[in-house]
Amino acid sequence: TCTKCATGRFQDEKGQASCTACVAGKYGDAEEQTTDTCKPCGKGKYSSAQGATVESQCNSCSPGKYSAQTAQTSASVCISCLGGTFAASGGLSECTACGAGKASSAGSSVCVACLPGEKLVGSTCEVCNEGRYSGIGATTCATCERGRFQNAKGQASCTACVAGKYSDVAEQTTDTCEPCGE
């Protein structure tokens, strides 16, 4: 008697002793297939297994990565999202652009507002220089006002001159505060 081909396998020729397994990157979810009806793993997925029987045997690209191709056989086809985009979950076919005021680095699964002491430039956060500062989510670094200074990069505020001293120059990178006249 003839044996039926199991799921994940097919035989398109009569009189054969065995069935052919679905190739890597595909799966077969029906029995007794007489033609190659194996289905491709979808976009954002891959499988190195031969003879896969259900779609859940296709692995998903990791969060922060995507693949726009079907029937892929390894994780090497998963491409990291570019800076300024993200893939929040696995198995995606494309990355999503970060919303206004948010940034991400390459391969990110989230976008974030720039931290205090940083500013948003394009799709990345850049550190504020000495003599400047910023709050969370800033798009520019503000200049330290007269009477204040900042000698370090990436700061959220400037340091005020101590009591009894002043400075009438803005954007100072060192303590140039002078004693008040009598």
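Which residues does Gln172 touch, not counting residues up to four places away in sequence? I shall begin with the answer: Gln172 touches Gly131, Arg148, Phe149, Gln150 and Ser167, where contact means heavy atoms within 4.5 Å.

A word on the basis of this talk. The model is predicted, so local features need pLDDT of at least 70 and side-chain atom pairs count only at pLDDT 80 or more, while totals for chains, interfaces and linings use all residues. Residues are numbered from 1 along each chain as its sequence is written, and side-chain values use heavy atoms, with hydrogens and water left out.

Let me stay with Gln172. This residue is found in the loop between β19 and β20; strands are DSSP runs of E of at least two residues, and helices are runs of H or I of at least four, numbered from the N terminus. At 15% relative accessibility, Gln172 counts as buried. The classes are buried under 20% relative accessible area, exposed over 50%, and partly exposed in between, with a 1.4 Å probe and protein chains only. The side chain of Gln172 also makes a polar contact with the side chain of Thr176, at 3.2 Å. A polar contact is a pair of N or O atoms within 3.5 Å; within protein, one must be able to donate a hydrogen and the other to accept it, and residues adjacent in sequence count only if both atoms are side-chain atoms.

Glu171 is found in the loop between β19 (165-166) and β20 (178-179). Glu171 has a positive phi of about 60° although it is not a glycine, and at 36% relative accessibility it counts as partly exposed. Ala71 likewise has a positive phi, near 55°, in a residue other than glycine. Ala71 lies in the loop between β7 (65-66) and β8 (79-80) and is partly exposed, with a relative accessible area of 25%.

I turn now to the salt bridges. The structure holds 4 of them, each being a side-chain nitrogen of Lys or Arg within 4 Å of a carboxyl oxygen of Asp or Glu. One of them joins the side chains of Glu32 and Lys4, at 3.4 Å from N to O. Glu32 lies in the loop between β3 (26-27) and β4 (39-40) and Lys4 in the segment before β1 (9-10), so this pair ties together parts that are 28 residues apart in sequence. Glu32 is partly exposed at 46%, whereas Lys4 is exposed at 57%.

Another salt bridge joins Lys39 and Asp29 at 3.0 Å, N to O. Lys39 is in strand β4 and Asp29 in the loop between β3 and β4, 10 residues apart. Lys39, at 36%, and Asp29, at 40%, both count as partly exposed. Arg148 is partly exposed at 33%, as is Glu145 at 37%.

Finally, the largest pocket. Its volume is about 400 Å³, and of the 15 residues that line it, the closest to its centre are Cys2, Thr3, Lys4, Cys5 and Gln11. On a 1 Å grid over the protein atoms alone, a pocket is an open set of points where a 1.4 Å probe fits, with protein on both sides within 12 Å along at least five of seven lines; lining residues have an atom within 4 Å of a point.

How values were computed. Points joined across faces, edges and corners; volume = space filled by probe spheres on them.
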